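Here's a quick briefing on a few residues worth a look. Have the model open while you read.

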Amino acid sequence: MKKRFVYPLLGLLFLSLSAFAFHKFYVGVFQVEYAAEKKMIQITSRIFIDDLNNGMEKKYHKKTFVGTERETPADADLLKKYLSENFTIKVNGQTKPVVFLSKEVEGDVLVCYSRIKDVEKFKTIEIVNTILVDWNAEQQNITHITAFGTKRSVLFTGSSRKELLKY
């Protein structure tokens, strides 16, 4: 009889305590896909809008409103600059220009589309992903790389900012 009373009480206590232990996750998700038929690397970035604006404000000492109704053309230009400075790719040891194409908002996430053109078959790809890691030590960037029929995933953090993949 006591068990029927104690177990639900413990469960209720656990649920009430865990409700107050809210923890925000700081994560960005990136997809890098080699489209051999187009000789192109396609990049999709998913970053929380509030974190992105906070990180850009810290880096550039300017309040931004990327992904909101208050976004200005200057904010969009600063976003392109931020992405180009913090996400780079080398193919066979040679830095390739990442061209920003467009962006869209999905809830509280900004989805950015970029590409690298004129990419022939390669043996190595080196990715540097420092998006938001200087702003927040808890930031993690999960990057999925698909090329030549294989998918690999890499976790970038403040202490792991660069990865070389061999094919």
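Predicted model: local features only at pLDDT ≥ 70, side-chain atom pairs only at ≥ 80, totals over all residues.

**N92**
- You'll find N92 in the loop between strand 3 (87-91) and strand 4 (94-96).
- Its backbone is worth a glance: N92 isn't a glycine, yet its phi is positive, at about 50°.

**K39**
- K39 also has a positive phi, near 50°, and again the residue is something other than glycine.
- This one sits in the loop that links strand 1 (27-35) with strand 2 (40-48).
- With a relative accessible area of 39%, K39 is partly exposed.

**K166**
- Now for a strand residue: K166 belongs to strand 10, which spans residues 162-166.
- Is K166 buried or exposed? K166 is exposed, because its relative accessible area of 58% is over the 50% cut-off.
- Setting aside neighbours within four places in sequence, K166 still makes contact with K123, T124 and R152.
- How far apart are the C-alpha atoms of K166 and F122? They're separated by 8.8 Å, with the two residues 44 apart along the chain.

Technical notes. Residues numbered from 1 in each chain as written. Heavy atoms only, no water. Helix = DSSP H or I, 4+ residues; strand = E, 2+ residues; numbered from the N terminus. Buried < 20%, exposed > 50% of the residue type's maximum accessible area, 1.4 Å probe, protein only. Contact = heavy atoms within 4.5 Å.
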